[in-house]
Amino acid sequence: MTHMDILQAAGLTPSELSGGALAVHTPIDGSEIARLKSHSRDDVRAMIGNGTDAFMVWRKTPAPRRGELVRLIGEELRAGKENLGRLVTLECGKIYQEGLGEVQEMIDICDFAVGLSRQLYGLTIASERAGHSMRESWHPMGVCGIITAFNFPVAPWCWNAALALVCGDPVIWKPSEKTPLTALATQKICERAMEKFGDAPDDLIQVVIGERDTGEVLTGSPDVAIVSATGSSRMGHAVGQQLANRFGRCILELGGNNAMIVAPSADLEMALRAIVFSAVGTAGQRCTTLRRLIVHEDIFQQLVPRLKSAYDGLPTGDPLADGTLIGPLIDADAFAGMERALAEVIKDGGLVHGGGRTLENDYPNAWYAIPAIAEMPGQTDIVRHETFAPILYVMKYRDLEQAIALQNDVPQGLSSSIFSTDIREAEEFLSATGSDCGIANVNIGPSGAEIGGAFGGEKDTGGGRESGSDAWKGYMRRQTNTINYSRELPLAQGIKFEI
Ligand code: NAD
């Protein structure tokens with residue numbers, strides 16, 4: 001299929017793909033695949049106004065009926081899975097299997113949200129006063145702005161949107177300026193679902209095309225009740241401060257610097273496969289990519305040479321082709337960042353296996369990198385920094401306490417894992433004195449989370465939670481209700497106030 005075939009199969013027409021100033025390139029060969037018109041700041045303000053009108057209607061629609069719309073979106077996603085998955089690959093460069101996986105995640109969260117639409121429940125609480133009852137109610141919040149990153153161009157939108165929609169909130173999506181086409185294609189999928197649904201308000205689901213300034217309109221507007229932002233910690237600091245200034249609800253999903261501890265009792269065959277998938281999958285461009293491997297000194301020589309041989313045979317190339325496991329980096333800046341980090345490794349006394357550019361003759365305008373393993377003398381500054389590229393830093397440890405201290409001694413706190421068959425070690429890692437991350441796994445790698453659990457992390461990762469468990473509460477406002485069904489007016493805490 002040509003690039004144009006992929007774009008058209010996803011429902012995008014040539015007239016929509018031209019005439020603007022925002023150039024979109026495919027990282028597969030670096031060619032320009034679209035030039036989109038960006039929204040102005042005033043356009044975004046008008047969209048927020050339209051979203052607010054949609055809220056007036058949607059908040060009154062019963063939640064299970066709202067769930068029906070999300071069910072229809074899930075159905076349309078099932079029908080369009082291959083076309084959208086291929087577009088994800090074309091636009092962000094992840095291999096087709098991962099493109100399909102991303103759409104599957106969207107389908108899964110829609111299913112989850114449909115069930116949730118009948119379970120938006122609150123507590124009943126014992127009142128201290130006779131003839132009184134107390135309960136918690138959960139109500140829709142308002143317009144939800146969703147800002148997303150290039151590396152997961154569609155799934156995080158859906159983790160947010162599926163929940164926000166059943167919770168009664170209209171959504172306005174600001175995708176990465178590097179991946180706006182998947183957002184436009186998803187919007188078409190939603191429009192088909194809305195048509196089948198029948199009476200959804202206009203502008204319930206909107207997409208803003210543009211750079212960070214359009215995102216800033218969402219974060220700055222008091223009419224955007226919730227902003228859920230996925231991206232770098234640098235972006236999160238800016239967005240978080242703006243939201244804090246106006247006391248807006250903020251859900252931040254930011255950078256990670258994820259580690260795996262490999263203990264002496266580990267099943268090394270399993271560990272090896274998990275390390276390779278988590279470290280080089282998506283060419284090291286996942287927020288949950290394995291970046292730091294902390295290996296017990298007794299098994300270091302058994303594991304690390306085998307890991308290096310596994311790295312040497314990894315098929316790199318066109319992410320649409322069968323059999324490719326590693327696609328391109330998103331752009332030249334990403335490759336330059338990888339080169340800078342590897343230069344720091346050498347300065348710090350580390351040893352680099354792999355690294356450098358490949359396939360430059362076949363794709364002179366694209367950036368395919370050879371994944372690197374960097375054996376480090378310690379956890380230096382460059383190891384503590386998230387470089388969004390396939391570099392795996394390897395360090396040794398002697399006792400578990402030291403390994404956990406290393407795992408926690410970075411600014412980020414997203415995902416972590418331990419490979420161990422010793423239950424004491426595994427439970428220690430999951431305990432209050434273990435990993436400080438939002439995600440901590442045993443005998444699987446740090447990447448590839450399921451939608452059923454709450455997703456997110458601590459410290460520079462921003463503290464937000466999305467997707468499963470009770471993350472839905474982030475999209476609703478909690479109201480405490482006290483109802484007096486007696487003929488007296490007793491005050492709380494027994495206070496006397498007679499008039
Ligand atoms: P980025 O921070 O450059 O951009 C992310 C989005 O934020 C884009 O849409 C961008 O236009 C917007 N943006 C940037 N500054 C803004 C501002 N001041 N106000 C409003 N919007 C603003 O990130 P990226 O390079 O696209 O993605 C890679 C980063 O995202 C990595 O750090 C990765 O770890 C992180 N990420 C985190 C998660 C997670 O769930 N924790 C998931 C995917 C990616």
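The shell around the ligand comprises twelve nonpolar, eleven polar and seven charged residues; Ala, Val, Leu, Ile, Met, Phe, Trp, Tyr, Cys and Pro count as nonpolar, Asp, Glu, Lys and Arg as charged, and the others, Gly among them, as polar. The model is predicted: local features need pLDDT of at least 70, side-chain atom pairs count only at pLDDT 80 or more, and totals for chains, interfaces and linings use all residues. Residues are numbered from 1 along each chain as its sequence is written.

**Ligand shell**
- Ala-149, Gly-215, Gly-231, Met-235 and Cys-287 come nearest among the 30 residues around the ligand (C-beta atom, placed from the backbone, within 6 Å).
- Two or more shell residues each come from helix 8 (212-220) and helix 9 (233-245); helices are DSSP runs of H or I with at least four residues, numbered from the N terminus.
- Helix 8 supplies the largest share, four residues.

**Buried interior**
- Of the chain's 499 residues, 51% count as buried, with 20 or more other C-beta atoms within 10 Å of their own.
- Helix 5 (residues 96-116) has 21 residues, and 15 of them are buried, so this helix is largely enclosed by the rest of the structure.

**Overall form**
- Along its principal axes, the C-alpha trace spans about 80 × 60 × 35 Å.
- Among contacts between residues at least 6 apart in sequence, 73% join residues at least 24 apart; a contact has C-beta atoms, placed from the backbone, within 7 Å.

Notes: The expected span of a helix is 1.5 Å times one less than its number of residues. A residue is buried if 20 or more other C-beta atoms lie within 10 Å of its own, exposed if 12 or fewer, and partly exposed in between; C-beta atoms are placed from the backbone. Two residues are in contact if their C-beta atoms, placed from the backbone, lie within 7 Å.
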